[in-house]
Amino acid sequence: MSLLLRVSSRPRLLLSLTVLLLIGSVLLGGGLTDRLKLGGTEDPSAESSRAASVMDATFPAARPNLVLLVRTPGSADAPETARSATRLADRLADEEGVTGVVHYWQRKDPALRAGDGGHALIVARITGDETRSGRTLDRLDDRYQGRIGDLDIRIGGTVAVRDEAQRQTADDLVKAELIALPLVLVILLLAFGSVVAALLPLAVGAVAITGTGAVLRIITGFTDVSIFAQNLTTALGFGLAIDYALLLIRRFREELGHGAGPPRALERTLRTAGRTVLFSAFVVAVSLAAMLIFPMYFLRSFAYAGISVVALAALAALTVLPALLRILGHRVDALRLFRGRSAEREAAADRRWRRLTGAVMRRGAVVAGAVTALLVLLGLPFLRAEFGTVDDRQLGKSAAARHVHDTIRESFPVSPTGGIDVLAPGAPADDVDAYAGRLSALDRVSRVDSPTGVYRDGRRVAAPSPATAYRAASGTSHLTVWPARGVEDISPESQRLVRSVREVPAPFSTEVGGQAAMLVDSRAVIGDLLPYALLFIVVVTMVMVFLMTGSVVLPLQAVVLNALSLTAMFGAAVWVFQDGHLSGLLGFTPTGFIETSLPVLMFCLTFGLSMDYSLFLLSRIKENHRRGGDHREAVLAGVSQTGGVITAAAALLAVVMIGIGTSQITLTKMLGLGVALAVLVDATLVRCLLVPALMGLFGRATWWAPPFLREMRLISEEEPAPRPLEPSGRSGGG
């Protein structure tokens, strides 16, 4: 803390440097959205990922990422329509960056023709990474989207879905900020009753938001970053910056109210609330760092970005804010909105918190049992969770790419991107023939395409397509298993089919790939590594809480209560986003599953945020216990001193996350609304009811620790001299 005091001792110099850094951050963060990626939910070392690499290099036509939905004026089989569509496909094949063009009119493949005969498909692969393929798509969109002669063309495919998701994410971020900022300002004005005090957290939040863009831009130069990280890390940086600023400002005002001059008040604030901010930032960062255990860059990018953003928010709160407070001094309460002294209003609020906490502690067993039962009940829907991966239905119904894929689902016998790929390096033709027949006999298989022919129901029914390569020069054979009609690309049925394909015996080595196979492999690696991530979070969290409190009981309580506070979020994720309840009100399309990686992200994020509020409360209770020694009075005073801070902080962060939840992207909507719900449940049911109820039940045993561990704590090492407790509750706010 001494270093922070020295840094803030020259406030004007520090603020001038901050302005220069902000300008640099704005310039550096420009064009960030174009560098973010949509995928990253697969394990790069899995069997399906290895198969995908071979497919991209050897059989590009078998992995189309571009779909042209052709609506014809009459039947797709009309001669004039066939000639026009063939010319269009030939023109597409000549485009730079496009390969593997296949269309219905080559061999009248029924899989590429709608049941009503009014639509047909042209599929191809755009080569290159996401940046190059995006540029190619922009060029193709100008030339192929819309009316061409008698044909009406709509562009879809994974590359088009990604492009629309990137554009929508940028629009959603602006909308979220426009929604959240006015509401945040109103809540801050109500919390502080002063215009100047309310604007300070926004200043800190602005530093965090601007810095977030620059940090993410730098990170994209070293590793892939998910497009969904932009919204979340901006919200997290803004939310945490305001949380930390709220805690520090309330403590600073409290110290001023006790007669300390501004320099002394700032010193006491940094040595108490400032230390809590450091602990909190470390625990939140640790929770996010657990995602580095997983190989998918969707999760790892949140860890990279999240750790950086947490550090930035804490740094801004502990350097920029103290500099502003040092300059303002007593003027921090300038431009008051309400008549009367702010200390009197805060004292009245403290007394209300004390009455509530006292009532909860007197009925500890009843309150603890009722709240626990409610939270467990809210979490029960998660027991029937189904997992999948993002597809075009993440987009709003008005998106052009979404329209293409909706039409394919409704009108075509199979999806051109839903096949299960099987690679057989060096396999003899006779063995491939027998193997393809066994695959085609599997339940829920429509047909199998292989180098030796087309197979249905265990027998060869046609020669291989001359338009598609099934055997590479290296001798690798490629087979495609097409699911039956009604089996979506990503669904429990397609995952079961992947497992069935892998169980079919073959006299040669095989690798199974495709979207469904990637999902199966991702679920497997998450299941294998999740216990290690949870253990890492729990152990580090318990160590940090012990070092803060000197108790071995409180770390156990903190971990259990934090986990319990997440049940409502996970239950709501299934009940709302998987089952589709409230889908009309919230404006999304339920898919019958939730994204496989998302629960991991939501757990790591919300567990850290829950511990954030836990540390706010426990640090103040510990400080009071050290001063007065009476357990009950320490709890009453701690809750009264932090109840308003935690409630306001949770409301502010919830508003920010709800702003994110207004996104048109379903995954972002689920993340924003889910985290907002978890934060509100934690700040109300858990921190205000369950924590004091359990501390009342445990009594002085709350502080128990073995003698050899009793002195191993950090939070009190630099605390200022004790100040007696004020049982009346007039102890300020932070």
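Let's start with Leu 66. Setting aside neighbours within four places in sequence, Leu 66 is in contact (heavy atoms within 4.5 Å) with Leu 92, Ile 122, Val 123, Ala 124, Ile 126, Leu 137, Leu 140, Ile 155, Gly 156, Gly 157 and Val 159.

A word on the source. This is a predicted model, where local features need pLDDT of at least 70, side-chain atom pairs count only at pLDDT 80 or more, and totals for chains, interfaces and linings use all residues. Residues are numbered from 1 along each chain as its sequence is written, and side-chain values use heavy atoms, with hydrogens and water left out.

Back to Leu 66. Together with Leu 92, Leu 66 touches the most other members of the largest nonpolar core, which has 192 residues. A nonpolar core here is a set of buried Ala, Val, Leu, Ile, Met, Phe, Trp, Tyr and Cys residues joined through side-chain atoms within 4.5 Å. Buried means under 20% relative accessible area, exposed over 50%, partly exposed in between, with a 1.4 Å probe and protein chains only. Which helix gives this core its largest share? Helix H9, residues 228–257, with 17 residues. Helices (H or I, at least four residues) and strands (E, at least two) are DSSP runs, numbered from the N terminus. Apart from this core lies another, of 22 residues, including Ala 427 and Tyr 455.

Next, the aromatics. There are eight aromatic pairs. Rings of Phe, Tyr and Trp (its six-membered ring) pair if their centres lie within 6.5 Å; planes under 30 degrees apart are stacked, over 60 edge-to-face, the rest tilted. Phe 382 and Phe 387 are edge-to-face, at 6.4 Å centre to centre and 75° between the planes. Phe 382 and Phe 570 are tilted, at 5.0 Å and 40°. Phe 382 sits in the loop between helix H13 (364–379) and strand S6 (387–388), and Phe 570 in helix H19 (residues 567–578), so this pair ties together parts 188 residues apart in sequence. Is Phe 570 buried or exposed? Buried, at 12% relative accessibility. Phe 382 is partly exposed, at 27%.

Last, charges. The whole structure has 30 salt bridges, each a side-chain nitrogen of Lys or Arg within 4 Å of a carboxyl oxygen of Asp or Glu. Take Glu 511 and Arg 50, at 3.0 Å, N to O. Glu 511 lies in strand S12 (residues 511–513) and Arg 50 in helix H3 (residues 47–58), so the bridge ties together parts 461 residues apart in sequence. Glu 511 is partly exposed at 22%. Arg 50 is partly exposed at 40%.
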